[in-house]
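Here is a brief report on one protein model. Please keep the sequence and the 3D view at hand while reading.

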Amino acid sequence: MKRLAIALTALLIGISAVGLRLNANAEVAAQPFTVKAHAAVLMDYDTGTVVFSQNEKDRLPIASMVKIMTLLLTFEEIDGGRLAVDDTVRASQNAASMGGSQAFLDANSDYRVNELIKSIVVGSANDSCVALAEHIGGTVEAFVQKMNEKAKALGMNDTLFANCTGLPSADQYCSAADVAIMTRELLSHSKFFDYSKIWMFDFVHPGGRVTQLSNTNKLIRAYEGCDGGKTGFTNEAKYCLSATAKRGNTRLISVVCGAESSKVRNAQNAALFNYGFSNYETTQVVCKEKPIEQTVSVNGGKESGVCAYPAEDKCVFGKKGDKHDYTYAVECLPLKAPVQKGEVVGRLTVKTASGEPVCSVDLLSDRNVAKIGYFDLVDEFIKNW
């Protein structure tokens, strides 16, 4: 009996070990490869779909990738009409004293917003970040509060900003997943691309002194389709990069945190892009320039209805080779004149053949429809007499 018990125990241990190996192999099979860095994410820009992740929720120092949020808030100010690229910003002594990567601003000198943004995107200038932060927020501390408020609004739950530059701070952290989220939000501001593709430029100071700055994101020349990104490096964070590339209809965002060298960092971002473009594709399912066939009725108007068009393009992101049949459902709002051109008049929902919603978009009126008046009714009566 004792020998039998020992034999059964050994058999159970063996089965357990085989099971563990099978589970481990299943996990390895689910992950297509390993990125040679602490953390990584590959995200589709249009839908926010994540197709690769590695330690994506780990809270890490991200060095100058913090500037993604600084730039995001700056472009929000510009798009909101509260700041213009031709506005001037006075560089304080505090801004001019920043170490690390910088544009070497002259204290108490005035610089155009356009040049400061360019120096941040291209040269990762810490001093320019502080100058803009003080101008927008009043103080750096107030601006950093705005950064954290925006992070919370975006659902960046593994992020805390302590400064606007990414210079080392024990209180500051972010995750690869959150970097991808804020990068996606930054890319929604098309003006960013006016700067992100610049390879090199001369930053001219008010007194005529010139600081030459070159793009820290070398992938804009080394990788086909790469047209933007933000690098980062400190001894603590190691080498980091959030980059974007577009081929055809597909735009991807790749994030690498904690690589051992800039060469490894760039290679790993490129590997993520290669995997994404090789295995996934984007299909446009809604075109904003194509009105729907159905007319939306208008009550009490000089016209009985309006044509409607989608407010924006919509795309579906998925694996190459997967075939889908989509159906379109239109929900019209009860409209009463007057109706303004561009007014929301309904909603278009794209569904799979099984009825699962894929995406939806507002429908907008293609014209103005005035309210019908008394004399219009008389004229109509006479015409039909």
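**Whole chain**

This is a predicted model. The protein chain holds eleven helices and 18 strands. It has 385 residues, and 44% of them count as buried. Take the contacts between residues at least 6 apart in sequence: 62% of these join residues at least 24 apart.

**Helix 4 against helix 5**

Helix 4 spans residues 113-123, and helix 5 spans residues 126-137. Their axes come within 8 Å and cross at roughly 135°. That angle makes helix 4 oblique to helix 5. The crossing is left-handed.

Which residues make the contact? Helix 4 supplies V113, L116, I117, S119 and I120. Helix 5 supplies S128, C129, A131 and L132. By type, the residues of this contact are seven nonpolar and two polar, with no charged residue.

S124 sits in the loop between helix 4 and helix 5. Its phi is near 55°, a positive value in a residue other than glycine. S124 counts as buried, at 3% relative accessibility.

**Aromatic rings**

The model has twelve aromatic pairs. Two of them are set out here.

| Pair | Distance between ring centres | Angle between planes | Class |
|---|---|---|---|
| F33 and F52 | 4.7 Å | 10° | stacked |
| F201 and F203 | 6.4 Å | 65° | edge-to-face |

Why does F33–F52 count as stacked? The planes of the two rings stand at 10°, and planes under 30 degrees apart count as stacked. For F201 and F203 the angle is 65°, and planes over 60 degrees apart count as edge-to-face.

What does the F33–F52 pair tie together? F33 lies in the loop between helix 1 (2-30) and strand 1 (39-44). F52 lies in strand 2, residues 50-54. The pair therefore ties together parts that are 19 residues apart in sequence.

Accessibility in this pair is as follows. F33 is partly exposed, with a relative accessible area of 22%. F52 is buried, with a relative accessible area of 1%. F201 and F203 are both buried.

F33 and F52 also belong to an aromatic cluster.

M147 lies in helix 6, residues 140-153. Is M147 buried or exposed? M147 is buried, with a relative accessible area of 0%.

**Backbone details**

Most residues other than glycine have a negative phi, and most peptide bonds are trans. The next two sites are worth a look with this in mind.

F104 has a phi near 60°, a positive value in a residue other than glycine. F104 is found in the loop between helix 3 (93-96) and strand 4 (110-112). At 44% relative accessibility, F104 counts as partly exposed.

Where is the cis peptide bond? It joins A337 and P338, with omega about 5°. P338 is in the loop between strand 16 (335-336) and strand 17 (344-352).

Technical notes
Residues are numbered from 1 along each chain as its sequence is written. This is a predicted model: local features need pLDDT of at least 70, side-chain atom pairs count only at pLDDT 80 or more; totals for chains, interfaces and linings use all residues. Side-chain values use heavy atoms; hydrogens and water are left out. Axes are lines fitted to C-alpha atoms, for helices over the stretch in contact, and angles run from 0 to 180 degrees between N-to-C directions. Helices (H or I, at least four residues) and strands (E, at least two) are DSSP runs, numbered from the N terminus. Angles under 35 degrees count as roughly parallel, over 145 as roughly antiparallel, 65 to 115 as roughly perpendicular and the rest as oblique. A crossing is left-handed if the near helix is turned anticlockwise from the far one by less than a right angle, and right-handed if clockwise. Contact means heavy atoms within 4.5 Å. Ala, Val, Leu, Ile, Met, Phe, Trp, Tyr, Cys and Pro count as nonpolar, Asp, Glu, Lys and Arg as charged, and the others, Gly among them, as polar. Rings of Phe, Tyr and Trp (its six-membered ring) pair if their centres lie within 6.5 Å; planes under 30 degrees apart count as stacked, over 60 as edge-to-face and the rest as tilted. Buried means under 20% relative accessible area, exposed over 50%, partly exposed in between (1.4 Å probe, protein chains only).
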